[in-house]
Amino acid sequence: VLYRGWRNFLTWGYFPSGAIFEGEAKCQLGMDGIFAFARRGTRENLSGHPHLRAYATRFLPHSVTPTEGGKGPFGRAPFLKFDLLGSIGSVHPVDMLGLKYAFPDDKAVDWCFRKQVGEDYELVPDRPDGYFNPIIFWAIYASDFDPANDDPARLGLGNTFFCGERSVMMTRSGWGPDAMMLALHTRGATGGHPYADRNAIVVCGAGRAWSTPSAYDGFQNCQNSTVVVDGRPQDLWIPGRMVDFVDNEKATFAVGESKYAWDWHW
């Protein structure tokens, strides 16, 4: 039953693009459990699930910002988090370590692992954090990144990630530390821990984040770079709608419509 639930979670909790229904900071793969199933000889190794692979090799590298990082619930690293416990921070250590352990030769995963641990492994935790003890997982899945794998522009990722089901777009001018990055989250799938933030934007450039996803400060959060009409925020649970998306060699556009998120509530 637990195995079937885990498989259903990967099938329905993650979109084929690799984006997550629930939210990047509140939803974890549980790579430690996936390894446990594999070692028990279950009929399918869940680490090979196509949605998991899309998350690891497409969504995750595109969520890396061209900044030094930020303080998230699981540590300091430069990954965008669009939901509760959000802002910019780390992937859950168990998942990032597990992905590196499961796919040691995948260069996209290796590069994400490098961003998680830091250039000199300075971001590896050295004590329990009160939520769980990450040192145990660092000991079990201890790994090194490939120092020659230092240019994400060579990984063939393109500059843009788009998921219509989640209604999220992440695009950038390039993969260097001074590149411009823009994200638009229209939230076509609300997830279980939503904000009133349809059409929230993230802007990074010149090595810093200028507008970030807001970290948790209450469910009725109006500080997500979105419009507040007469002091009233959007409804928490009504999804937005991605109207259009264009991506070509000259420019990238995404347009979201969020009017119904006010109309339903007010």
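Colleague: Let's start with R39: does it count as buried or exposed?

Modeller: Exposed, because its relative accessibility is 59%. The cut-offs are under 20% relative accessible area for buried, over 50% for exposed and partly exposed in between, with a 1.4 Å probe and protein chains only. Bear in mind that this is a predicted model: local features need pLDDT of at least 70, side-chain atom pairs count only at pLDDT 80 or more, and totals for chains, interfaces and linings use all residues. Residues are numbered from 1 along each chain as its sequence is written, and side-chain values use heavy atoms, with hydrogens and water left out.

Colleague: Where does R39 lie?

Modeller: In helix 2. Helices (H or I, at least four residues) and strands (E, at least two) are DSSP runs, numbered from the N terminus.

Colleague: How do I read the two sides of a helix? Which residues of helix 1 are buried?

Modeller: The general idea first: an α-helix has 3.6 residues a turn, so residues three or four places apart point the same way. In helix 1, the buried ones are Y3, L10 and G13. They sit on the same side of helix 1, because their arc around the axis is only 130 degrees; that arc is taken from the directions from the helix axis to the C-beta atoms. R4 and W12, on the other side, are exposed.

Colleague: What do the buried residues of helix 1 pack against?

Modeller: Helix 2 (31-39) and helix 3 (50-62). Contact here means heavy atoms within 4.5 Å.

Colleague: And the core? Which residues have the most contacts inside the largest one?

Modeller: In soluble globular proteins, nonpolar side chains tend to be buried together. A nonpolar core is a set of buried Ala, Val, Leu, Ile, Met, Phe, Trp, Tyr and Cys residues joined through side-chain atoms within 4.5 Å. The largest one here has 51 residues, and Y55 and L99 have the most contacts inside it. Leaving out residues up to four places away in sequence, Y55 touches L99, L29 and V91, among others.
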